[in-house]
Amino acid sequence: MQHEGSVPHLAPWRAVVLYLAAGVLWFSTGNVVLAQLVEDRELYVVLLRAQDYIFVLVSGCYAGWLLHQARRAEQRRVAARNDLVKSEEQLSLALDGSGMWDWDLEHLRHTFSQGVASMMRYEGADFARDFRFRSRIHPEDREMVRKQARLTLKTGCPFVVTARVLGFDGEYRWFEARGARHLDALGKPVRFSGIISDKTQQRQEEERLRLAATVVDNTAEGIVVTDAHSNILSTNAAFSRLLGYEPSELIGKRPSEFKSGKHEKAFYDDMWDSLHRTGHWRGEIWNKRKNGEVFPERMSLNAVHDACGKTTHYVCMFTDISQEKEREHQLQVMAHSDALTGLSNRTWFVHELTRLVESADGRGENMAVILLNLDRFKDVNDSYGHAVGDEVLRHAARQMQTALRRGDAIARMAGDEIVVLARHLSRPEDASAIAESLIQAAGQPWKSPDGFAVVVSVSAGICCYPQHAQNAASLVQGAHAAVYGAKEGKGGSNLWCFFSENMTLAARERIALESRLRNALAQGHLQLFYQPQIDIASGSIIGCEALMRWFDPVEGMISPGRFIPVAETSGLIGPLGAWGLEQACCQAQSWRDQGLPAISVAVNVSLHQFLLTDIVGCTRKALERSGLPAECLELEITESALAERPDEALVVLRNLKNLGLRLAIDDFGTGYSSLAHLKRFPIDLLKIDQSFIRDIPQSADDMAISHAVIAMGQSMGMEVLAEGVETAAQLEFLRQHGCNFYQGYFCSKPMAATDFEKLLRGEAQRLMQQGPEAEIFEI
């Protein structure tokens with residue numbers, strides 16, 4: 001390139017010298033050489049004459065060749081100049097894109113290319129003056145850059161750092177600087193220069209890729225990527241966890257390695273058809289783990305296309321839905337099954353009964369709904385606890401299942417009720433034999449691991465299709481009504497009873513009674529009667545028990561035995577109990593305001609009221625509204641209420657006791673409560689149930705029980721009151737054994753508030769006649 005480039009400069013004088021030398025040589029030696037070479041005289045003359053022309057021709061050709069060489073050299077110089085300009089432009093662009101910096105260590109001057117100013121978003125006139133590199137480095141990166149720069153200047157190792165630098169727009173960006181030191185002849189660093197590149201976008205992209213990779217690796221969904229031919233390229237950690245394969249075991253293989261075999265070819269054909277048409281497929285599929293276990297997946301399969309729309313990859317994401325399927329199955333089972341007994345539940349039974357009744361209409365099939373109710377099952381729970389009660393109920397259900405005929409259906413309706421659908425009856429009367437078979441099976445004793453046995457009796461109500469009812473709801477309702485008839489001994493057996501219209505009338509009467517009770521509460525037809533409580537030692541009235549009475553304008557007095565159960569089952573017991581409690585407190589305070597003897601008033605609290613309402617809040621409100629001192633109020637809780645939920649009862653009793661009132665256990669001895677629980681309760685008074693008092697002194701057992709209750713109460717620091725005392729002999733027995741108080745017809749029947757007020761006035765006069773030393777007992 002250098003030789004060719006120099007030709008144009010040397011060609012003029014070289015051409016002249018060469019031309020003169022050739023001319024002298026040609027003309028000086030031409031004649032001699034020509035004479036020696038040509039002997040023919042004529043030819044010699046001809047050549048001699050042509051010698052000048054030949055010289056001119058040869059020199060002309062030489063001159064033409066020189067011109068051609070000069071032109072080629074010029075073209076090469078122009079091309080080289082263009083290449084140099086282009087290279088300089090490319091270098092300038094590269095420097096502007098990356099940025100060049102130079103640090104003159106001797107004069108402490110910085111030089112930057114225009115690219116550095118652009119990257120720093122500088123819009124001023126003198127970038128080198130305004131740019132302070134060290135102060136613009138991010139504080140967290142500043143020490144790292146300083147150490148690397150010192151290391152490069154000291155050792156000569158390449159300077160390569162990536163750091164955040166604050167631009168003139170107020171934002172930090174990532175920059176990569178590469179540089180080297182330059183030494184003088186003595187080996188002293190004189191310059192430090194290099195290039196700087198904006199890596200912000202690259203770092204952001206790397207961060208996005210890192211985040212995406214982290215998400216893929218940590219997602220709960222299994223992910224597998226294949227090429228366009230379904231060869232596996234990569235998997236994530238969840239894939240290995242869900243299927244049990246290591247990535248190396250499947251790379252290069254096809255997803256058919258973990259096919260479950262549960263799907264037909266048509267399933268996969270539809271899947272691929274959807275994938276090819278729409279680019280994706282979503283659905284549920286069964287696959288197989290490495291250990292051979294087949295499990296369900298929810299899968300999403302997507303095709304990845306290039307810029308031309310050609311499929312390059314497939315991405316499959318899936319999640320194990322085994323637990324979800326199991327939950328769905330459990331919910332389905334729970335929706336149609338009873339959790340305790342394993343039988344079908346009411347919803348399933350009614351649905352199945354409806355279906356069978358609709359289909360039986362055309363076939364003329366006789367069927368019967370037999371509702372079986374365990375008698376006094378509550379006593380089992382109260383006596384042995386709910387755990388034993390549940391086992392007894394399960395045992396009865398299993399026994400009934402074994403007694404079923406082929407084609408019959410069984411379900412648990414609610415609580416202690418089990419229903420059976422008896423099909424294909426020859427005549428309705430045949431249902432009684434089926435009922436007796438079921439009753440006998442349910443009556444088989446259940447034996448506990450401890451060796452004791454529990455036997456339950458069963459009452460059955462029978463409602464026949466189509467004789468008694470023609471739809472599912474009426475059949476079930478009729479069987480319910482018939483159960484009450486069986487319990488009341490209205491059927492052809494003491495154990496079962498067929499449905500009759502009278503039973504429906506009784507059910508309707510209970511509904512009507514509930515409606516009338518609501519009106520009675522609103523219209524003031526309810527009253528409180530009071531029965532005195534007597535101190536056995538002194539004979540003084542120490543308190544009274546408030547008893548609710550219903551005086552209907554049409555029917556007259558309605559027994560509490562009729563309306564209290566209706567109030568409990570309908571939810572009226574809450575407002576009814578609150579009304580009675582407030583009325584009793586207001587009446588007791590009224591007597592106190594009149595200066596009558598200070599006595600306590602005892603109010604019964606129903607089992608449902610105690611466990612299902614805010615009895616503490618209700619009592620507090622009654623005391624506040626009436627102004628009655630809390631120590632003058634006594635709440636009577638049945639023993640069965642304490643045995644039902646002893647832990648909850650303990651909390652409620654403690655809260656009541658904190659109000660300052662007295663607590664009594666009513667009907668003690670009938671609820672089978674645990675003494676271990678009883679001693680924990682803050683009880684002030686035990687009331688012996690009248691069933692143990694009624695046959696004293698004729699019944700030795702009742703006397704023994706009453707004596708035991710009195711002794712137990714005294715040993716536990718409680719007072720004892722006997723209910724239902726009707727004779728002097730009963731009272732004398734109680735006095736001899738240390739009973740504290742009594743109430744009953746021997747003293748007085750329950751009476752209206754006005755009559756009880758007269759009784760109190762008489763008591764006050766009697767005490768005044770006894771003298772100033774007489775004591776008025778306050779509880």
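1. Start with the second largest cavity, lined by Ala-588, Trp-591, Arg-592, Leu-596, Pro-597, Ala-598, Ile-599 and Leu-760. Cavity here means a set of points on a 1 Å grid over the protein atoms alone where a 1.4 Å probe fits but cannot get out, with lining residues having an atom within 4 Å of a point. The volume comes to about 40 Å³, taken as the space filled by probe spheres set on points joined across faces, edges and corners. Helix α19 supplies three of the lining residues, the largest share. By class the lining is seven nonpolar, no polar and one charged, where Ala, Val, Leu, Ile, Met, Phe, Trp, Tyr, Cys and Pro count as nonpolar, Asp, Glu, Lys and Arg as charged, and the others, Gly among them, as polar.

2. Before going on, some ground rules: this is a predicted model, with local features needing pLDDT of at least 70 and side-chain atom pairs counted only at pLDDT 80 or more, while totals for chains, interfaces and linings use all residues. Residues are numbered from 1 along each chain as its sequence is written, and side-chain values use heavy atoms, with hydrogens and water left out.

3. A nonpolar core is a set of buried Ala, Val, Leu, Ile, Met, Phe, Trp, Tyr and Cys residues joined through side-chain atoms within 4.5 Å; buried is under 20% relative accessible area, exposed over 50%, partly exposed in between (1.4 Å probe, protein chains only). Helices (H or I, at least four residues) and strands (E, at least two) are DSSP runs, numbered from the N terminus.

4. The whole structure has three cavities of 30 Å³ or more. Phe-133 is one of the lining residues, along with others including Val-161, Phe-175 and Ile-196.

5. Phe-133 also lies by the second largest pocket, where Trp-103, His-110, Phe-133, Arg-134 and Ala-149 are nearest the centre among 23 lining residues. A pocket is an open set of grid points with protein on both sides within 12 Å along at least five of seven lines. This one holds about 700 Å³ of space, and α6 gives the most to its lining, with six residues. The classes there are 15 nonpolar, two polar and six charged.

6. On charges, there are 39 salt bridges (a side-chain nitrogen of Lys or Arg within 4 Å of a carboxyl oxygen of Asp or Glu). Glu-74 pairs with Arg-77, the closest N and O atoms being 2.2 Å apart; I'd look at that one by eye. Both sit in helix α2 (41-98), three residues apart, about one turn. Glu-74 counts as partly exposed because its relative accessibility is 35%.

7. Arg-423 and Glu-365 form another salt bridge, with closest N and O atoms 3.2 Å apart. The pair links distant parts of the chain, 58 residues apart, and both residues are buried. Elsewhere, shared partners join Glu-284, Arg-298, Glu-324 and Lys-325 into one network.
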